[in-house]
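Look at the structure before reading on.

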Amino acid sequence: MQAYTTLAATFARLGALDDAGGILGWDTQTQMPDGAADTRAEQMAVLKVLSHEILTDPRTLERLDAAEGDAENLGGWERANLREMRRAYVHAAAVPGDLVAAASKAATRCEMVWREARAESDFAKLRPHLTEVLRLQRLVGEAKGAVLALSPYDALLDGYDPGMRRARIDPLFAELRAVLPDLVVEVRERQAAEASPLKLPGPFPVATQRELGLALMRAAGFDFSRGRLDVSLHPFCGGATDDVRITTRYDEASATGALMGVLHETGHALYEQGRPAAWRHQPVGLARGMSLHESQSLLIEMQACRGPEFCAYLAPVLREAFGGQGPAWTSENLHRLYTRVEPGFIRVDADEVTYPAHVLLRYRLETAMIAGDLAVADLPGAFDAGMKELLGLAVPSDRLGCLQDIHWPGGSFGYFPTYTLGALAAAQLFAAACAAVPDIRPGLARGDFSPLLGWLREHVHARASLMETDDLLIAATGRPLGTVDFLAHLRRRYLGEA
């Protein structure tokens with residue numbers, strides 16, 4: 001037990017360092033002046049290298065071996081914690097410290113250049129920096145893959161979604177690829193035969209949008225004593241344990257986008273705030289990978305808040321906040337607005353029927369880049385060709401194309417598939433929750449998230465990393481991750497099928 005106790009203390013220190021990095025990362029995206037970019041890159045790298053040194057200390061391996069030899073004396077949570085400690089050690093020990101530092105610095109610097117390049121639609125400005133980030137991420141993937149007996153891409157993917165592999169993803173994405181193009185056509189034909197939704201007339205003052213977002217966060221269950229809302233170029237959920245910080249972006253010409261963005265990030269935040277208090281500073285107390293994390297944001301935004309029940313609650317709230325009158329402000333029109341299907345250039349603004357195409361494209365491109373089959377210089381052309389193939393759109397500028405996302409500049413290769421995996425899990429979990437708790441949908445119509453949040457707390461949030469992803473889904477829904485509930489949800493919501 002002494003070895004385990006010492007490991008728990010070590011990982012609590014590592015958790016504190018991760019929290020410090022989380023606050024610095026939030027500040028980088030929300031408050032930091034551009035002139036501090038190089039200094040911030042050094043700060044972030046120092047934290048990552050310090051964590052790496054602590055984690056890869058030879059004594060850590062000795063204690064892991066000793067604790068695993070005495071595992072029969074540990075409880076279920078402790079054994080799961082030990083499993084996650086081993087996973088973290090293996091990932092860290094595979095990568096040399098100098099590569100950790102170089103990759104961190106390159107990503108932080110590239111993110112800052114990306115801000116300018118995106119605003120100016122200038123891919124050439126980003127290209128050398130992204131090329132370096134990709135080179136280093138390949139090295140990281142190769143180093144981890146050699147130890148884990150995985151391909152470089154699978155090794156990177158495992159860092160975001162433990163246990164997930166391309167062999168698991170490809171059949172799921174193939175099922176979507178076979179169904180969704182025809183479904184998009186069918187849905188759009190059906191909507192074209194109906195009355196078009198009326199656009200809500202603006203303007204929508206940012207201050208009012210912010211207050212409304214805060215009110216909806218509070219209704220969903222967000223604890224403002226342990227979190228906050230800010231503004232960033234790319235919305236995200238970050239921060240630290242018991243200090244969860246989400247961001248959005250505002251447009252005075254439209255209120256609907258920012259509100260759904262807030263609710264999306266609130267789903268992430270509820271997961272973070274709902275992790276078991278007794279284990280929050282241990283690996284087993286962390287969220288169970290990014291597919292489940294994305295499931296929580298998409299469950300709140302897409303499954304719950306774009307449904308007719310929540311729109312019935314939201315419509316009068318919007319009318320009161322913005323002084324709206326007339327047919328555009330009815331719950332029926334609001335629901336039509338929030339469920340309008342139309343291919344677009346921007347991933348984060350996409351409807352849930354066309355959204356998977358954005359992910360399928362990025363998944364294809366990033367696997368090719370990591371494999372060395374796609375050079376950074378050829379990325380804009382490959383991106384534009386994929387948008388034409390999958391969504392029928394001709395991309396007019398790189399700002400609306402391959403420059404729109406922060407993930408690759410930030411070194412997050414292997415993250416994109418978790419968005420659609422999360423959408424599948426969200427549909428599966430929401431269906432199970434509604435079957436188990438009949439008051440969930442009526443509650444949403446009252447603006448009461450507590451029936452839904454109570455089920456999620458018990459079946460997802462409080463379990464943290466106690467179980468592997470599929471095991472958690474089986475326990476919560478009765479089966480592993482699949483496409484059945486997601487496709488049934490789309491057909492029910494958009495085609496009126498039972």
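The protein chain has 20 helices and three strands; helices (H or I, at least four residues) and strands (E, at least two) are DSSP runs, numbered from the N terminus. Its radius of gyration is 22 Å, close to the 23 Å that the globule rule gives for 498 residues, so the chain is as compact as a globular protein of that length. That radius is taken over C-alpha atoms, and the rule is 2.2 Å times the number of residues to the power 0.38.

The model is predicted: local features need pLDDT of at least 70 and side-chain atom pairs pLDDT 80 or more, while totals for chains, interfaces and linings use all residues. Residues are numbered from 1 along each chain as its sequence is written, and side-chain values use heavy atoms, without hydrogens and water.

**Whole chain**
- Along the principal axes, the C-alpha atoms fill a box of roughly 70 × 50 × 45 Å.
- Of the 498 residues, 57% count as buried (under 20% relative accessible area, 1.4 Å probe, protein chains only).
- Among contacts (heavy atoms within 4.5 Å) with a separation of 6 or more, 74% join residues 24 or more positions apart.

**Helices α14 and α15**
- The axes of α14 (residues 355-371) and α15 (residues 379-391) come within 10 Å and cross at roughly 145 degrees; axes are lines fitted to C-alpha atoms, for helices over the stretch in contact, and angles run from 0 to 180 degrees between N-to-C directions.
- Residues of α14 that meet α15 include Leu361, Leu365 and Met369.
- On the α15 side, Phe383, Met387 and Leu390 are among the residues in this contact.

Note on methods: Buried < 20%, exposed > 50% of the residue type's maximum accessible area, 1.4 Å probe, protein only.
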